[in-house]
Amino acid sequence: MNGQYFSDNQISDHRLHPDRLFSADPSIRAVARDIYTCIKDLPIISPHGHTDPRWYADNKRFDNPADFLIKPDHYVFRMLYSQGVPMEAVGVPAKEGIEVEQNPRKIWKLFAKNFHLYRGTPSKIWMAHALTEVLGVDEPLNENTADRIYDYIDAKLGTEEFLPRSLFKSFNIEALATTEFAVETLESHKKINTSGWDGRVLTTFRPDDITNPEHPCFQKHMGILAEQTGEDVSSWDSYLEAIRKRRAFFKETGATATDHGFPTAFTTILSKEKCQELLTKAIAGACSPEEAELFRGHMLIENARMSCDDGLVMQIHVGCLRNHNTEVYNKFGSDKGCDIPTQVNFVNGFRPLLCEVGNNPNLTIIAFNMDETTYSREIAPLAGHYPALKIGPAWWFHDSPEGMMRYRRQVTEAAGFYNTVGFNDDTRAFLSIPARHDVARRVDSNFLAHYVCEHLLSMTEALEIAKDLTYSLPKQAYRL
Amino acid sequence: MNGQYFSDNQISDHRLHPDRLFSADPSIRAVARDIYTCIKDLPIISPHGHTDPRWYADNKRFDNPADFLIKPDHYVFRMLYSQGVPMEAVGVPAKEGIEVEQNPRKIWKLFAKNFHLYRGTPSKIWMAHALTEVLGVDEPLNENTADRIYDYIDAKLGTEEFLPRSLFKSFNIEALATTEFAVETLESHKKINTSGWDGRVLTTFRPDDITNPEHPCFQKHMGILAEQTGEDVSSWDSYLEAIRKRRAFFKETGATATDHGFPTAFTTILSKEKCQELLTKAIAGACSPEEAELFRGHMLIENARMSCDDGLVMQIHVGCLRNHNTEVYNKFGSDKGCDIPTQVNFVNGFRPLLCEVGNNPNLTIIAFNMDETTYSREIAPLAGHYPALKIGPAWWFHDSPEGMMRYRRQVTEAAGFYNTVGFNDDTRAFLSIPARHDVARRVDSNFLAHYVCEHLLSMTEALEIAKDLTYSLPKQAYRL
Amino acid sequence: MNGQYFSDNQISDHRLHPDRLFSADPSIRAVARDIYTCIKDLPIISPHGHTDPRWYADNKRFDNPADFLIKPDHYVFRMLYSQGVPMEAVGVPAKEGIEVEQNPRKIWKLFAKNFHLYRGTPSKIWMAHALTEVLGVDEPLNENTADRIYDYIDAKLGTEEFLPRSLFKSFNIEALATTEFAVETLESHKKINTSGWDGRVLTTFRPDDITNPEHPCFQKHMGILAEQTGEDVSSWDSYLEAIRKRRAFFKETGATATDHGFPTAFTTILSKEKCQELLTKAIAGACSPEEAELFRGHMLIENARMSCDDGLVMQIHVGCLRNHNTEVYNKFGSDKGCDIPTQVNFVNGFRPLLCEVGNNPNLTIIAFNMDETTYSREIAPLAGHYPALKIGPAWWFHDSPEGMMRYRRQVTEAAGFYNTVGFNDDTRAFLSIPARHDVARRVDSNFLAHYVCEHLLSMTEALEIAKDLTYSLPKQAYRL
């Protein structure tokens with residue numbers, strides 16, 4: 001592999017420079033490099049993400065470069081779209097009747113031609129890392145090299161060492177969690193568990209499909225839930241019991257955590273009568289937006305109570321307005337780069353939740369969101385007090401060098417390091433996993449180096465913290 | 001001109017130092033200097049501002065130093081006012097019956113005496129630049145030198161080279177846009193166009209006077225609009241037709257863009273019946289605040305639709321509470337330094353607008369505001385997706401070194417560089433134009449130098465981006 | 001005292017290094033050090049805090065290390081609590097019937113064992129400063145040294161030089177304000193005033209107990225107020241007169257300022273009839289939350305009017321949701337580390353207040369809060385215009401190196417330096433006073449050094465500003 005790949009005529013090593021992301025100040029850089037050296041080879045703990053468990057279960061070769069690297073990555077095609085490139089031209093799978101580009105080579109070339117658009121974005125870093133460090137491409141990607149690089153990658157993906165399980169091992173992943181809805185059957189996870197392969201892939205229980213009345217699959221999945229559990233899910237107590245059964249099933253299959261993604265941080269405790277009333281409405285598809293919010297808000301607390309019992313760690317990420325662009329949604333569906341962050345209020349929103357279960361030191365709630373104003377104003381002060389609450393990482397649009405640096409600068413003083421839980425990559429793009437973890441480790445090293453050089457931490461402390469942030473804290477927080 | 005003007009006894013070159021605004025780190029500074037060297041002499045594109053078109057049409061000498069540099073600059077007198085200096089003493093034009101200082105020399109001396117108040121503010125940088133780089137003053141401004149400098153500037157302003165058109169040329173302005181309300185007759189622009197002078201001054205169509213029912217001139221200007229266009233502006237279709245005619249007139253006279261400044265980012269699509277109802281009320285001065293908001297919200301979308309047809313670029317700046325101080329407003333009127341930023345919600349507010357026209361790659365909407373929390377949470381994610389949306393510059397109170405640096409750090413990762421459109425100076429103060437563009441170029445050079453030294457960009461890329469941010473992007477985005 | 005105390009095996013001077021908190025860049029560091037050298041020995045002005053006036057009145061020895069340094073410091077025990085250490089184990093005083101640890105040595109050892117949790121937090125800096133710089137401890141605090149250090153401190157606290165008045169002098173405090181509710185009798189302050197001791201300790205008038213209908217002591221204190229003043233506090237005019245009398249009493253006893261801490265920045269002007277109605281309800285304990293908000297909002301303006309008359313400086317700090325954790329509140333009461341910042345809207349909230357009294361250059365209102373988004377969007381633009389409004393310091397969770405740096409970077413450009421009023425420590429922890437002021441001085445020096453090295457300020461200017469921020473501005477703003 002070749003660290004000088006993205007060179008250009010004037011500067012020979014400005015992509016994947018060994019000191020990339022470290023401060024230009026020589027003393028900080030030297031310390032950052034020393035810290036990074038001590039953590040760069042630690043195993044990857046990937047406790048939250050969206051890779052496809054079938055990859056690890058079936059271990060089949062990945063598709064061509066476009067299907068593997070471009071089409072599923074909404075970070076990639078949203079930027080092209082913002083600059084006037086139709087999603088059809090990128091081959092983004094569309095609803096019936098809409099024709100999209102089928103030729104992967106053509107899609108790859110379109111991407112290559114526009115690669116300059118990603119300058120300054122984390123997508124550029126991740127893709128450059130994947131191309132050079134993982135795939136070993138040794139020339140710059142552009143219109144002229146696109147064809148050759150396409151063939152090169154396509155051939156690589158056909159080799160033994162680029163099969164999913166091989167990459168999993170070469171990425172040095174110790175544990176990786178995927179995310180499945182409550183009614184999924186977890187066939188792939190069962191297959192992995194019984195396959196004799198020693199890679200650790202866990203599922204995560206994400207019951208949004210059966211706790212959010214506005215989820216597109218709510219009605220359908222409630223039907224499946226009833227069948228799967230033998231419970232009358234239209235009756236409140238049985239509905240809760242059905243959820244408990246699914247949690248138990250996920251836990252048996254390996255899950256250590258649940259995951260909840262709602263539009264807001266609103267939580268509430270309703271009377272049993274009110275709960276039954278809303279459940280009935282929800283099943284009938286008759287909830288108003290306000291009623292759906294009440295139901296979701298109460299269900300977060302119900303799940304938190306269940307976590308107190310069954311020990312599953314609770315991840316809550318909020319504050320995303322999904323499918324902001326209705327035209328794109330109508331043509332291409334969800335997860336198409338048009339989910340936009342919104343303002344979040346944890347202080348009032350989480351108060352019922354935290355007053356109910358936040359003092360339980362055996363419960364772990366990991367919260368994250370994309371409203372950075374909550375870092376120093378809400379999340380850090382709350383996590384710096386409530387035993388159950390921990391701060392998840394800089395997320396999504398902020399899973400980036402500047403974003404992570406702002407995160408550390410804004411949460412550390414009120415919450416310390418030990419109320420955070422390390423990085424999660426939250427990715428659908430398999431090759432971005434090592435890249436993303438590498439960026440996180442570099443940014444943390446650089447952050448700690450600042451504190452060492454400003455004499456706020458000793459080097460011994462910084463090294464201990466770096467290892468904790470990279471390895472011990474996520475392992476411990478997610479109970480891996 | 002003398003870069004050492006603001007020297008003091010201990011440090012000889014701390015004002016207008018050639019490396020001002022560059023990082024103290026030697027490697028970053030060296031790179032920043034190299035980038036800056038490549039862009040500092042590029043022509044100025046000034047696509048949004050409030051200089052007086054009569055200056056360029058009539059080419060008469062500017063008034064005395066106080067009338068030219070102090071009285072019209074709300075950045076300048078708001079600071080004096082905040083420290084207890086009455087606006088009357090600064091000669092700020094007041095409503096009838098209120099006596100204000102008439103002696104420009106006295107006003108100038110008052111300013112000079114208080115010049116230390118501006119330490120750390122962009123006003124200091126701009127004024128220092130104007131005094132030393134443009135006017136060639138070569139001693140520090142203070143109580144003792146005020147008289148001498150007054151005479152010196154006054155004499156300068158009487159010379160040929162300080163006439164408006166001469167300065168326009170010596171500032172190396174390639175194109176400059178002013179802003180006029182919908183019913184203005186654009187006499188100065190016509191005069192410029194037919195004068196044979198080759199300076200490019202464009203008008204911008206700002207229809208707030210006829211689309212905001214709460215605009216103080218709404219009723220009066222609607223009357224003028226009816227006369228000018230021969231349309232019955234009380235009838236919805238004819239009202240829209242009247243606006244189209246004015247847009248066409250502005251476009252014929254040179255405009256390439258419209259400009260819209262509303263209190264919030266709220267947009268909505270109303271039925272034709274509702275529109276007619278609100279229009280009737282608006283003309284009668286009978287809109288409630290909520291109705292005015294609805295009307296404005298719908299009119300932004302109507303103007304966006306018209307832009308899809310006539311190709312005028314649409315600028316939208318929102319989130320300013322005008323005339324916060326009623327006492328000052330009652331005595332001195334608008335634009336007196338008491339406009340205050342407010343929280344903005346683009347995600348929900350712009351959704352109807354963007355769902356209606358945001359997928360049109362031939363439309364350009366340039367949005368900016370003063371709520372910096374929207375940078376990474378709203379504006380960058382939205383512009384990184386919608387083809388029509390571009391991000392305007394750090395604005396007003398954030399048109400400053402720290403403000404611009406925060407802007408770049410917070411928008412680049414999610415939107416890249418190519419969904420931004422370069423700088424606009426938005427100024428009423430003619431001499432601040434070169435100063436403001438110089439600050440923007442320096443801050444961008446310094447920002448890019450950080451990325452080069454942290455190995456996120458190659459120098460070739462950084463130079464290309466620097467030229468784009470300074471020249472190509474604004475030229476292209478505003479269709480100049 | 002020993003600056004190398006927190007050394008570890010690898011790095012010998014990373015705690016209390018003489019250059020701590022200064023940039024790693026050698027040129028910035030050199031300038032920062034020069035600026036700091038010029039201000040580090042200036043007297044401490046502590047215009048806002050919560051130390052106990054009895055300390056200075058009675059001058060008795062402080063209790064054991066746990067009672068003195070741990071139990072009263074909510075910064076300290078909130079972090080322990082967040083990591084699962086029960087408050088009972090820290091000996092936090094609880095309500096009747098709840099048993100808490102009584103052995104101070106055991107509490108001290110628990111703290112020592114968990115001292116690593118504070119890494120990266122200001123509590124670590126303050127405690128390290130107190131231990132090494134003030135108490136002269138010369139070994140690291142941990143489980144093994146806890147006993148020995150306990151004995152050492154306990155002995156120190158018994159010496160003459162560690163009596164409250166001795167420390168006050170050795171801290172070089174020129175003036176220190178405590179905070180007392182409206183009906184307090186100020187016996188300690190009177191005792192200090194007549195004691196012949198030349199330490200300057202002032203009270204501050206904090207009438208929240210009689211202006212906030214939701215204050216737990218409202219009814220009780222209104223009764224006391226009536227008695228103290230001989231006014232019928234159930235009648236609006238007499239109620240205001242009673243407040244005026246208490247203000248006069250506080251002023252006679254030495255107060256130069258009032259202090260107001262409400263949940264929001266809401267202000268309003270109500271009719272006299274409405275005021276009487278709300279007062280009646282408030283006394284009856286019958287105010288709805290909305291009515292309480294109205295009453296508080298109006299009372300801020302009444303107190304501002306009184307300040308126009310009696311010259312007391314008005315401090316307003318808002319945006320704290322007190323006692324977020326009801327379980328903790330029920331067991332331990334207020335000020336137990338579960339007060340959480342909330343979003344604040346000064347622009348709309350303060351508008352009635354500022355329109356009423358903001359143009360009065362003889363009034364000083366000092367506003368601060370914990371919603372950092374208000375810095376550049378609201379507080380700096382408002383204070384950069386209204387003569388009466390000044391910006392208080394980075395507060396509470398932001399009284400920290402990163403927090404203070406963000407504060408300066410975000411307020412200076414729109415408000416300048418002279419609309420800020422220097423630091424206040426707001427502390428209950430006596431030994432943290434010199435530590436907190438030292439951190440503020442270092443951060444300001446470092447901030448100014450950046451501006452000097454980026455050629456935005458001359459060294460002469462920076463030194464003048466540093467002295468103003470440290471000494472002249474607070475002295476002047478709080479009329480000390």
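Tutor: A salt bridge here is a Lys or Arg side-chain nitrogen within 4 Å of an Asp or Glu carboxyl oxygen. Keep in mind that this is a predicted model.

Student: How many salt bridges are counted between domain 1 of chain A and domain 2 of chain A?

Tutor: The count is one salt bridge.

Student: Why is the pair A:Glu88 and A:Lys331 called a salt bridge?

Tutor: The closest N and O atoms of A:Glu88 and A:Lys331 are 2.9 Å apart. The cut-off is 4 Å, so the pair qualifies.

Student: What are the bounds of the two domains?

Tutor: In the domain assignment of chain A, domain 1 covers 26-60 + 163-477, and domain 2 covers 61-162. Their C-alpha centres lie 28 Å apart.

Student: How much area is buried between domain 1 of chain A and domain 2 of chain A?

Tutor: About 2700 Å², with carbon and sulfur atoms giving 68%. On the domain 1 side, A:Leu163, A:Phe332 and A:Leu431 lose the most area to domain 2 of chain A, together 24% of what that side buries.

Student: What is the number of residue pairs in polar contact across the interface of domain 1 of chain A and domain 2 of chain A?

Tutor: Seven residue pairs, both residues at pLDDT 80 or more.

Terms used. Residues are numbered from 1 along each chain as its sequence is written. Chains are lettered from A and ligands numbered from 1 in the order in which they are written. This is a predicted model: local features need pLDDT of at least 70, side-chain atom pairs count only at pLDDT 80 or more; totals for chains, interfaces and linings use all residues. Side-chain values use heavy atoms; hydrogens and water are left out. Domain bounds come from an automatic or database domain assignment. Buried area is the accessible area (1.4 Å probe) that two parts lose on being put together, summed over both. A polar contact is a pair of N or O atoms within 3.5 Å; within protein, one must be able to donate a hydrogen and the other to accept it, and residues adjacent in sequence count only if both atoms are side-chain atoms.
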